[in-house]
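Dear colleague,

Please find the structure below, together with its sequence. My notes on selected features follow.

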Amino acid sequence: MSAEATNPATPGPATPSPKLSASLEQGVSPSHRRKGLPRIDLRRLGRAALLGPAGRDRLPDAIGHVVEAHRAHHPDAGLEPLRRAYVLAESSHRGQMRKSGEPYITHPLAVTLILAELGAETTTLTASLLHDTVEDTEVTLDQVREEFGDEVCYLVDGVTKLEKVDYGAAAEPETFRKMLVATGNDVRVMSIKLADRLHNMRTLGVMRPEKQARIAKVTRDVLIPLAERLGVQALKTELEDLVFAILHPEEYEHTRELIADNAAREDDPLAEIAEEVRTVLRDAGIQAEVLIRPRHFVSVHRVSRKRGPMRGADFGRLLVLVNEDADCYGVLGELHTCLTPVVSEFKDFIAVPKFNLYQSLHTAVARGDGEVAEVLIRTHQMHKVAEAGVIALGNPYAPPSEEQTDDDGERPFDGERADPTRPGWLSRLLDWQEGAPDPDTFWSTLREDLAQDREITVFRADGGSLGLPEGASCVDAAYAQYGEDAHACIGARVNGRLATLSTVLRDGDTVQLLMGQDPASEPSREWLEHAHTPAARIAIQRWMAAHPSPSGTETPEAPAATPRPAADVRASRPAANAVVDQPGASVRLAGCCTPVPPDEVTGFAVRGGVVTVHRVECAGVARMKSGGRAEVGVRWGDTTECRVTLVAESFGRPHLLADLTEAIALEGVAIVSATVEPPSQQRVRHTYTLQLPDAAHLPGLMRAMRNVPGVYDVSRAQHQAAAAQ
């Protein structure tokens, strides 16, 4: 079944202490939960589900909480589809149990309640109740379509997993590829998936630790960035905390203690500052609601790492809610006039919204004793969108109402920020995934793409614009604008001045791409070093894979015409102890998969009498076979010395690089080269090429690196498959 989970009442490592629940911003904020409505009891619902559906003249008791939450956002919503969906889901899942022993129907009920509390419309809730029926029961998509229509059928199909029997190890990446393509046509698909993953993460406690860690890593690398991009902060923050508890239990416990100690303080500086703000706004005649927003676990952890010892006001932020956009700026003016502003903290996301629809004014005010309170200022509607993102927009595909249209009867459109049905980042993702040659390349590239958490807008010479991730270069702009025709690009002008294609672009730059007229133009291998976007890298690598013969451009695995620096791993990579069945051939270990004994390996002949050796599971092997290249037999010789490339992923902290290199040295391993990428989302990626005296030392070396505080994963390097061609 798709939702292996445990009894929600069973405490697991990802469950925050009940004593702290009032202090935490977990999932839906308290302002979204209706006062007096008790939290859903999944045990009670399980017993209710076993009793079967109610009569056709009334709603089943088991979906009462869903109905109340739904009516709070959509008072006039029709409930008949929900009744019929529950009846079908309950009857089809009857007899199926979760790992906790609860009836399985409790899972789709909980997922649907999450979405209902965030304001999802009826079609989404109907599909949510049915989201596991096609995957786990005898119900077919045709039955869903006949009973509930094409929209519900599409949503259910979009979140239905591909069978491992048919896809094997590729089932998970191909399922996400299918789900993302479906999301490109209807963002509600991903809304259901996010709520589904949240409930499964909440109830992960009885699974084996290694399975908890695997699910948590996929959640961290894929689902949380997608929740951020769709603006669903309420789901994103709770998922972050649950992942944090599983992957970093010691740091989670330390953070929990920080929050508990602060909650036990007699004074509350944040509450005192909140009262000062209320007084200022009341005296100014501005009607506003001032709330205290406690930080969630990961936010507290990040602040403590950044600022050191925490002060009372660091454990939360003030949220000021007003009725109109103009009131936001009125509040800002009063706070900056009557209190001491921290000018460096001011950001205006109302005039310039984030790419995920987020709008708010950010500022901070300071007291004489040094306490600084961050303040968020937004309208009630902005707050709803900030919490629920695209879910708060209801059905974005429904015809616009009169108040949503302009004088010509058309829905206003202002580029990617105003179009939730196909935001720019999603369009780019869908474009490059079509060129991903295999599931491994797609999966690794997807994670890398989603790790880029900021966007910039650059303007073309013709007046159009391009949305690109932060750090993108002119190479990326060329492929974003021209696709594979960008192979002919010969240069660029940035803000009117000539620039190299490696120039990194900044938000607001104007870029004019200079295109050559020679139809035989080809990309340079060096472009790969400057390509930041998957679309650019995949296009360049695909061209190189299709043109392996000498043509003035060196393919990634071709011998260099001139000596390279000693730090270049490709040039200096030793043959180690690999022996090939081709007399006179020199041997090169492929950089894309860095094989070492006792890996099962195979080889392929390339130019210059060289045989490249790959691990048999390397994605490059399938590519070479499909290109008609014959395999060369390879075996490991007696020598055990080898070279390997390892990737260490960690949270950023002082002295981390020194600690990692010390751990490597203590294992008796020589460092050939090392690179550290710029931090992204408080995470740092280190790549080490290492010379081991014996391949048998590799597992112990990787354990020693993982034991360095702050390091959460160490893995063998797996570069883009095309790099091994």
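In the contact between helices α10 and α12, residues E172, F176 and L180 of α10 meet R214, V218, V222, L223 and L226 of α12; contact means heavy atoms within 4.5 Å. By class, this contact has 6 nonpolar, no polar and 2 charged residues (Ala, Val, Leu, Ile, Met, Phe, Trp, Tyr, Cys and Pro count as nonpolar, Asp, Glu, Lys and Arg as charged, and the others, Gly among them, as polar). Please note that this is a predicted model, in which local features need pLDDT of at least 70 and side-chain atom pairs count only at pLDDT 80 or more, while totals for chains, interfaces and linings use all residues. Residues are numbered from 1 along each chain as its sequence is written, and side-chain values use heavy atoms, with hydrogens and water left out.

The axes of α10 (residues 171–185) and α12 (residues 209–229) come within 14 Å and cross at roughly 20° (axes are lines fitted to C-alpha atoms, for helices over the stretch in contact, and angles run from 0 to 180 degrees between N-to-C directions). The two helices are therefore roughly parallel to each other, a term for angles under 35 degrees.

Elsewhere, an open sheet of 5 strands has mixed pairing and the order β8-β7-β11-β9-β10. Strands pair if DSSP finds at least two bridges between them; helices (H or I, at least four residues) and strands (E, at least two) are DSSP runs, numbered from the N terminus. β9 (residues 489–494) pairs with β10 in the antiparallel sense over 3 bridges, and V494 stands opposite R497 in β10.

Yours sincerely

Notes: Parallel < 35°, antiparallel > 145°, perpendicular 65-115°, else oblique.
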